[in-house]
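The sequence and structure come first, followed by notes grouped by topic.

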Amino acid sequence: MDSFISGQSLLALVNRPAFFVRDERIIHVNDAAKHRLIQSGDQLSKYLPQIPEAYRDFTQGCLFLNLTVFDR
């Protein structure tokens with residue numbers, strides 16, 4: 001049996017708004033994020049215009065941030 005879980009399946013398990021990013025573009029969003037009008041294909045900079053310096057060189061792995069997205 002294959003134990004691979006797709007990105008979309010993994011995000012579906014998260015109750016809070018969550019999304020995956022590749023090359024500064026959102027590639028998968030969960031339902032909670034969709035309800036806040038975050039869409040696949042959007043540039044991350046639309047929601048995070050200035051990347052905090054502590055995260056600027058982050059290129060691989062998981063990163064959890066608290067964001068305020070247009071008061072949504």
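Val14 lies in the loop that runs between helix H1 (7-12) and strand S1 (19-22). The model is predicted. Its secondary structure comprises 2 helices and 2 strands, arranged along the sequence as α-β-β-α.

Surface
- Together with Leu10 and Leu13, Val14 forms a nonpolar surface patch. The accessible area of these residues together is about 270 Å².
- The protein as a whole exposes about 6,200 Å², and carbon and sulfur atoms supply 50% of that area.

Core
- The largest nonpolar core has 5 residues: Ile26, Val29, Ala33, Ile38 and Tyr47.
- In soluble globular proteins, nonpolar side chains tend to be buried together.
- Leaving aside residues up to four places away in sequence, Ile26 touches Phe19, Phe20, Val21, Ile38, Gln39, Ser40, Gly41, Asp42 and Tyr47.

Asp42
- Asp42 sits in the segment after helix H2 (31-35).
- The relative accessibility of Asp42 is 12%, which is under the 20% cut-off, so Asp42 counts as buried.
- With residues up to four places away in sequence not counted, Asp42 touches Glu24, Arg25, Ile26, Leu37 and Tyr47.

Whole chain
- Of the 72 residues in the protein, 18% are buried.
- Among contacts with a separation of 6 or more, 11% are between residues 24 or more positions apart.

Key. Residues numbered from 1 in each chain as written. Predicted model: local features only at pLDDT ≥ 70, side-chain atom pairs only at ≥ 80, totals over all residues. Heavy atoms only, no water. Core = buried A, V, L, I, M, F, W, Y, C linked by side-chain atoms within 4.5 Å. Buried < 20%, exposed > 50% of the residue type's maximum accessible area, 1.4 Å probe, protein only. Contact = heavy atoms within 4.5 Å. Patch = residues over 30% accessible without salt bridge, like charges linked within 9 Å, V, L, I, M, F, W, Y side chains within 5 Å. Areas by Shrake-Rupley, 256 points an atom, 1.4 Å probe, with all protein chains shown as cover. Salt bridge = Lys/Arg side-chain N within 4 Å of Asp/Glu carboxyl O. Helix = DSSP H or I, 4+ residues; strand = E, 2+ residues; numbered from the N terminus.
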